[in-house]
Amino acid sequence: MQKTIVWFRRDLRLTDHPALRKAVDNGKVLPVFILDTANTRPLGGATKWWLHHSLASLAKSIEDRGAKLHFYAGDPLKIIPELCEKHDISHVYWGRQYFPDTIKRDTQLKADLQNADVEVESFNTSLLREPWEIAPKSGPFYKVFTPFWGACLESFKQETPNLPKSAPSQIDGLSADSADLAKLDLLPTKPNWAKGFTEHWEIGEDAALKRFRAFAEDRIYKYNNQRDLPAVDGTSKLSPHLHFGEISPRQVYHEVADEMGTDKGLDTYMKEIGWREFGYHLIYHIEDFATKPWKEQFENFTWDHDDAAFKRWQQGQTGYPIVDAGMRQLWQTGWMHNRVRMIVASFLIKDLFIHWKEGEEWFWDTLVDADLANNVAGWQWVAGSGADASPYFRVFNPITQGEKFDPKGQYIREFVPELKDLPNDLIHKPWEAKNSDLLLAGIELGKDYPKPMVDHSKARKEALDRYNAIKDQ
DNA sequence: TGAAATGTTGGGGCG
DNA sequence: ACGCCCCAACATTTC
């Protein structure tokens, strides 16, 4: 009789879970989740909040099928071998992760378990293709997105991504001593800053599929036109569900595969799924991608260290409405519209000259979809130091971006309500308002809402100078 | 998956 | 009628 530990990591679902499927089909299963406090980057606050609810949902689904999800906190390198020994486990299965620290941990664990005569198998549970499966004719990996995605699409034609396996209807479960979910201490207590999150999100596998299907019903066809408008619910908001593996990109792919190539919105949406894959491709192939600029000359960029300025950015008090709206949306909901992520990132880097790592860390702590690969890839893209990056001279203008993508100021009015009574033509540049305008809107600039903390056009010139200094190195 | 500076064109006002 | 200027609108180049 095969006894298998299924180690859930970032694949918190039952459908399209090849590790679980194989374990269930071959005998008894000990489903396990471990909060790794020994080998990996400590989780951000918003991540922990989401994780708690996602685990609660998964635990219930497993219970409904007659088994129990076991929780632990600590070092998997100790916990799993101990469980194997104590419960006479013959096999350990997990879904692969692709970061330097997780690869190191998993490689070690695999060796340890094999030495103890436990069979180990890992599975692809979170990508359409493994990072090493897509490779250019010359060179080890793709450095530009478009050819990467072209190669992906071609490979899907050759061999379709694995069809999702159905969720097991019954799980013949093993039991062991374990901790309660609450013991993992994932929820914020005082203060409970996540109170506002609850109304924005439904968490878990069922909610993820429901959200995707609602998006695929209708909004996916308008995605091309609406995805850039932060006031419109034009995106799928699937990112946290994908990050935690409540839904897999394979499920997404097969839900829309029939229509690929026939609709622009749908194709653009799949391309965004492709960017997610590209992030994993990069972090797998580029050494220290998470911590160092890939283009080495960026090591010499002149960054400023300014805690007060950084704090104003974090708190959405820069005096640029679109930036402040984004930062406040992030704080209030754990998520920020992607268009606005680019704007606030450009502002931090190219207006305040603060290192992208500091922005990356803040996003890591506050985003419910914080994903090492995609977060880092995004920040390096804006900084210009990453693969297929935004060229150094591409500086976002927070005023024109606001006017272009939130022309009626609805997004500003939602998240920066002190400006709500300003007319549309002033809402992205309140410092240009006449005294009478301000009086009418009931704002005193510098008191109710800050004056702009920097002069953008001066900052832009300064940014170009600083980038020029490292350009040809 | 920018924006600003610079160049070009063409209509209208005007002497 | 014509040339000249202005400038908006659009295009191209540059950062």
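Trainee: What makes strand β1 (residues 2–8) and β4 a pair, and how many bridges join them?

Mentor: Four bridges join β1 to β4 and the two run parallel; since strands pair if DSSP finds at least two bridges between them, they count as paired, strands being DSSP runs of E with at least two residues and helices runs of H or I with at least four, numbered from the N terminus. Within this pairing, Val-6 stands opposite Tyr-93 in β4. This is a predicted model, in which local features need pLDDT of at least 70, side-chain atom pairs count only at pLDDT 80 or more, and totals for chains, interfaces and linings use all residues. Residues are numbered from 1 along each chain as its sequence is written, while chains are lettered from A and ligands numbered from 1 in the order in which they are written.

Trainee: Why do β3 (70–74) and β5 (119–123) stand at the edges?

Mentor: The open sheet has five strands in the order β3-β2-β1-β4-β5, with parallel pairing. Each of β3 and β5 has a single partner strand, so one side of each is left without a neighbour in the sheet.

Trainee: Why does Asp-88 count as exposed?

Mentor: A residue is exposed if 12 or fewer other C-beta atoms, placed from the backbone, lie within 10 Å of its own, buried if 20 or more do, and partly exposed in between. Asp-88 has 9 such neighbours, and therefore counts as exposed; it lies in the loop between α3 (76–87) and β4 (91–95), and its phi is positive, near 55°, although the residue is not a glycine.

Trainee: What makes Asp-288 exposed?

Mentor: Asp-288 has 10 C-beta neighbours inside 10 Å, so it counts as exposed.
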